[in-house]
Amino acid sequence: GVNPAVLQLMSTYPIGNNPTLGDGLNTEGYSFSYNTQRSYNSYTARLDWNIDSRGKHTVFWRGNLQNDHEPGGPQFPGQPGSQTLLTNSKGFAAGYTLLLSSNLVNSLAFGLTRQGISSAGLLSGPYVTLQDLTALEATTSSSYTITPVYNLADNLSWTKRSHNFAFGTNIRFIDDRSSSDQLSYANASGTYQYLNPGTIAGSGGAFDPGAFGYPEVASTSKSNYNSALMAVVGIINVGNITYNNTKTGSTLPVGSPVTRDYRWNEYEFYAQDTWKALKDLSITYGIRYSYLQVPAETSGTQVGVCTIVGNACGAAPFSLTQFVNQSGALAASGQSASGAGEFGFPINGRYNGKSDYWSPEKGNVGPRIALAYSPTPSSGVWNKIFGDGQSSIRAGYSLLFDHFGAAIVNNFDA
């Protein structure tokens, strides 16, 4: 029959006031207004200093701080906000420019761009929910992501007759730290779809009215009846728990957040020349080399994939793409996918003395060329169309290489 503990719990809920939600008989929605205060603050500062009167030595500094505080609404009146989003990103850049001569200038810059986002929820332990009944307290998890990027850049510019040569480097030191307790607590709920059979109304069981001479539940209302009965009786038939393990196989205590800290560096070097070929034609050409290190988890909590040979990983490189393709080929020929073999997830990464997720490309050489033409017809129809030096026609080509390390870390680090 009706579960007294569930009735006691339901008595603590406010009375429904929104008939547009729920099934109109057993359940009803509840709407309410609330006040919350949010703040969005940004602070900037700058410094420029000409060290000497001739302008040979100049220094600059720029700083920015973002401080956004966004509390969400409560689950029910009188409760704290279900989730609070905090953004505290910040950054600075400092540079020194040296005028070596009238045609030779060097600029050195160093900066930090730190993205910081956190979401504070109310979840603090294992929890149970009843089917189709909003939990009395929010079960929102907490997480944060902090990504500082240190950037060192140097550029040398040398003007020689009709040429403007430039040489430089751009080096980035990247750290991606994250933490989340989304999978740190067990939870349980009631779900009638997982019963055998996957229904209560019309099942002939103990809670089926038609089995005891009462009118049968209409087919259009079976789902509502099933959900409401699961709640009022307090049937809990589904449990979920995630065991978060370290790389040694030990299990983290309940409530311990899952944390990751990935690091990698990126190095780029370039050389280019802007040539004033004609008074109205400039040609820029150059080359850039990029070396993009593979992200790796600093505590060694990362795995790769291998094919199992005997009872151990095979020595040959293996990817999940190979496994999927082999399984598809077997299925197309009417064979079992088990013929594709087994695969495992061994510890990898340079912090474990192993290979990284992939081998970095060492041949990222990108050529670039661009043209800028400003026609200078003195008369005639072309002068009417383009004017005398009043128009610009540009074209260019460059080969670029995608920086996809951060995207992979953020999507697959757990």
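Are Tyr-13 and Phe-76 buried or exposed?

Tutor: Both Tyr-13 and Phe-76 are buried, where buried means under 20% relative accessible area, exposed over 50% and partly exposed in between, with a 1.4 Å probe and protein chains only. The model is predicted, so local features need pLDDT of at least 70 and side-chain atom pairs count only at pLDDT 80 or more, whereas totals for chains, interfaces and linings use all residues. Residues are numbered from 1 along each chain as its sequence is written, and side-chain values use heavy atoms, with hydrogens and water left out.

A search of the whole structure gives 13 aromatic pairs. Rings of Phe, Tyr and Trp (its six-membered ring) pair if their centres lie within 6.5 Å; planes under 30 degrees apart count as stacked, over 60 as edge-to-face and the rest as tilted. For Tyr-13 and Phe-76 the ring centres are 5.5 Å apart and the planes stand at 85°, so this pair is edge-to-face. Tyr-13 belongs to the loop between α1 (4-10) and β1 (39-50), and Phe-76 to the loop between β2 (57-71) and β3 (83-87), so the pair ties together parts that are 63 residues apart in sequence. Helices (H or I, at least four residues) and strands (E, at least two) are DSSP runs, numbered from the N terminus. Ring pairs also link Tyr-13 and Phe-76 with Tyr-30, Phe-32 and Tyr-34 into a cluster.

As for the setting, the protein chain contains 5 helices and 18 strands. Its radius of gyration is 32 Å, well over the 22 Å that the globule rule gives for 414 residues, so the chain is more spread out than a compact globule; the radius is taken over C-alpha atoms, and the rule is 2.2 Å times the number of residues to the power 0.38. The C-alpha trace spans about 105 × 65 × 55 Å along its principal axes. Buried residues account for 27% of the 414 residues. Among contacts (heavy atoms within 4.5 Å) between residues at least 6 apart in sequence, 66% join residues at least 24 apart.

Elsewhere in the chain, Asn-240 lies in strand β10 (residues 238-240) and, at 37% relative accessibility, counts as partly exposed. Leaving aside neighbours within four places in sequence, Asn-240 is in contact with Ala-186 and Asn-187. Asn-240 and Pro-126 are 114 residues apart in sequence, with a C-alpha to C-alpha distance of 9.9 Å.
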